[in-house]
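Please read them with the model open beside you.

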Amino acid sequence: MKTECKYPSELTNRQWQLIRQLLPQRARVGRRPIDRRRVINAILYVVRSGCQWRMLPKDFPNWSTVYGIFWRWRNDGTWERIHDALREKVRKAAGKKSTPTVAIIDSQSIRTAEGGAERGYDAAKKITGRKRHLAVDTLGMLLAVVVHRGDWQDQDGACG
């Protein structure tokens, strides 16, 4: 089993043991299976470094394979299931119920460039752009994120 990390964004053995059981079952037919830990490490590298998919270092699997798996797991809800399961573990470790009973909602307005239909003017902050509405639990763990035009009121964003 792998013990040393080449990049700071890579999973430790303990983290990998938690995540691997949350991944979807492998297909029984098709292409040769790829090492899922290396795929996750590549995705975490992109997220942490902010690099483009095509700029993944060569010691990761091919960027198009990694991106394809990322996109598939995004569409089938795998990332959301992983996030929810890990959030539940953190809540239990903190002595809380696994599912929150209270949510805290806030928003942030962001300036955006010209173009795109999802822009609006936030008169309170004098910003033309978009507004992120976030819901977190009492530990600050993310529950939901929604992006709207900047002209959405916070009370409306909470329902969206």
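1. The side chains of Thr78 and Arg81 are joined by a polar contact of 3.0 Å. A second polar contact, of 2.5 Å, links the side chains of Thr78 and Asp76. (A polar contact is a pair of N or O atoms within 3.5 Å; within protein, one must be able to donate a hydrogen and the other to accept it, and residues adjacent in sequence count only if both atoms are side-chain atoms.)

2. This is a predicted model: local features need pLDDT of at least 70, side-chain atom pairs count only at pLDDT 80 or more, and totals for chains, interfaces and linings use all residues. Residues are numbered from 1 along each chain as its sequence is written, and side-chain values use heavy atoms, with hydrogens and water left out.

3. Thr78 lies in helix α4; helices (H or I, at least four residues) are DSSP runs, numbered from the N terminus. Thr78 is buried, with a relative accessible area of 0%. Buried means under 20% relative accessible area, exposed over 50%, partly exposed in between (1.4 Å probe, protein chains only). Leaving aside neighbours within four places in sequence, Thr78 is in contact (heavy atoms within 4.5 Å) with Leu22, Leu23, Pro24 and Trp73.

4. Is Glu80 buried or exposed? Glu80, also in helix α4 (residues 78–93), is exposed, at a relative accessible area of 55%. From C-alpha to C-alpha, Glu80 and Lys92 are 18 Å apart in space, and 12 residues apart in sequence.

5. In α1, Asn13, Trp16 and Ile19 meet Arg36, Arg37 and Ile40 of α2.

Key: Helices (H or I, at least four residues) and strands (E, at least two) are DSSP runs, numbered from the N terminus.
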